[in-house]
Amino acid sequence: MTMRSGIRLMTLLCLFMASMTCRADINRDILDCQAQSANNFGVGQSTHLNADYCAGIKAFMAKNFAQALPLLERAVNANDARAMGVLGYMYEQGRGVNADPARAVTLFRRAADLGNGDAMHELARCYQLGIGVAPNQAEADRWLKAGEAHGIDAGPRPANVRAQPDQADVSAGDAHYQAKDYTGAAQAFRRAADAGNTDGQLKLGVLYEFGLGLAKSDQEAVGWYRRSADAGNAGAEKNLGQMYENGQGVAENWGLAAQLYQKSAAQGNVEGEAALGRAYEFGIGIEQNRAEAVRWFTRASSQGDSKSAYFAKFLSDPTNYIGFRNQTEHDFVIDRLRYAGDFIGGDPGRAFASSKERDEYLIAFKASATFHEAQAQWGVQHNNYQSCLGSGGGSSCRNPGPPPAIH
């Protein structure tokens with residue numbers, strides 16, 4: 001059964017770094033590299049990964065960029081398109097090298113020309129946002145379509161991206177944050193936020209929500225998330241939706257939470273896609289729909305969200321129980337239950353307007369599951385009793401009494 005913690009802690013690494021660090025292809029490649037290593041690097045394997053690339057991404061994921069750089073460069077020289085994509089990210093973000101967005105675009109283009117769908121997606125992003133190349137929406141659309149033709153579902157993307165003021169302070173704040181200097185990060189993000197930078201507003205909200213470099217304040221977090229979300233920032237839309245779902249710093253409103261998740265997901269935000277999948281899974285402000293949950297979890301997993309990949313696979317089996325929104329729900333329903341037919345599927349097929357409505361549903365669900373389990377246990381005991389009597393056990397046979405009644 002699916003269990004979720006009721007207290008949210010967003011994946012801050014993905015928030016404060018570019019999207020490529022969270023992409024699924026690297027996670028898959030790490031597993032493939034491990035399999036190849038155990039099998040003498042590709043003997044008998046259908047897919048062979050460059051040994052330098054495998055060593056390079058291992059170092060990359062450990063944030064040992066200095067070690068990763070020469071390994072990935074050797075793999076690039078061997079014409080490895082995957083390595084070009086990772087090295088392109090390093091040049092874009094200045095990880096282990098001096099930042100060089102134009103060099104990143106060159107690497108993304110080389111990989112795309114070799115047929116790498118993820119690189120096509122990254123190249124489209126660069127054209128859309130003007131990273132290392134002049135903004136060109138027509139080129140962005142062309143490469144997005146090319147990526148889709150190579151099996152990369154990038155999801156819906158915003159048609160136009162507004163230039164952000166004071167991006168320098170956002171970058172400075174990111175550097176402070178990575179160094180765990182949260183006070184410095186807060187100061188930089190505040191300058192960017194005050195200048196109207198929506199990423200600065202979002203990140204300042206995160207620091208307030210989790211009390212990093214600032215006194216923890218859900219109300220302040222909501223205020224900054226709202227300013228950013230009102231300007232169309234997809235990450236802020238998702239975070240603000242979560243605050244409305246949890247009733248943090250604002251009155252609980254599941255209908256509004258679902259709307260914000262939809263807005264975020266419509267812009268291709270991976271956390272928004274995962275949140276919308278979860279809303280469809282449990283009926284959070286929107287009618288519960290397993291197929292829609294799987295669809296949005298699948299979109300999020302295509303951007304590297306491993307948890308979404310798990311839920312997409314798990315929920316694809318209609319007999320698997322739909323799960324619980326958090327640990328509190330799980331503990332309340334399960335209690336001493338061990339088995340009940342109610343846990344096959346378990347789709348409520350309805351929308352819940354609030355946690356109170358969902359709690360009422362779970363109370364009724366638990367009563368039904370408890371009754372059915374007691375009924376099954378009584379049936380076993382009754383059959384044993386009848387068998388005992390039939391064997392001449394007489395008074396030694398244990399009578400289970402009348403069948404249980406539902407309360």
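The model is predicted, so local features need pLDDT of at least 70 and side-chain atom pairs count only at pLDDT 80 or more, while totals for chains, interfaces and linings use all residues. Residues are numbered from 1 along each chain as its sequence is written, and side-chain values use heavy atoms, leaving out hydrogens and water.

**Overall fold**

- The protein chain has 19 helices and zero strands; these are DSSP runs numbered from the N terminus, with helices (H or I) of at least four residues and strands (E) of at least two.
- Of contacts between residues at least 6 apart in sequence, 58% join residues at least 24 apart, where a contact means heavy atoms within 4.5 Å.

**Surface and burial**

- About 18,900 Å² of the protein chain is accessible surface, and carbon and sulfur atoms hold 52% of that; such areas come from the Shrake-Rupley method with a 1.4 Å probe, and for residues only the protein chains shown count as cover.
- Of the 407 residues in the protein chain, 49% count as buried, meaning under 20% relative accessible area, with exposed over 50% and partly exposed in between (1.4 Å probe, protein chains only).

**Cysteines**

- You will find one disulfide in the structure, a disulfide being a pair of cysteine sulfur atoms within 2.5 Å.
- This disulfide links Cys388 with Cys397, at an S to S distance of 1.9 Å.
- The torsion about the S-S bond of Cys388 and Cys397 is about -85 degrees, so the disulfide is left-handed.
- Cys388 is partly exposed at 23% relative accessibility, whereas Cys397 is buried at 9%.
- Cys126 is buried too, with a relative accessible area of 0%.
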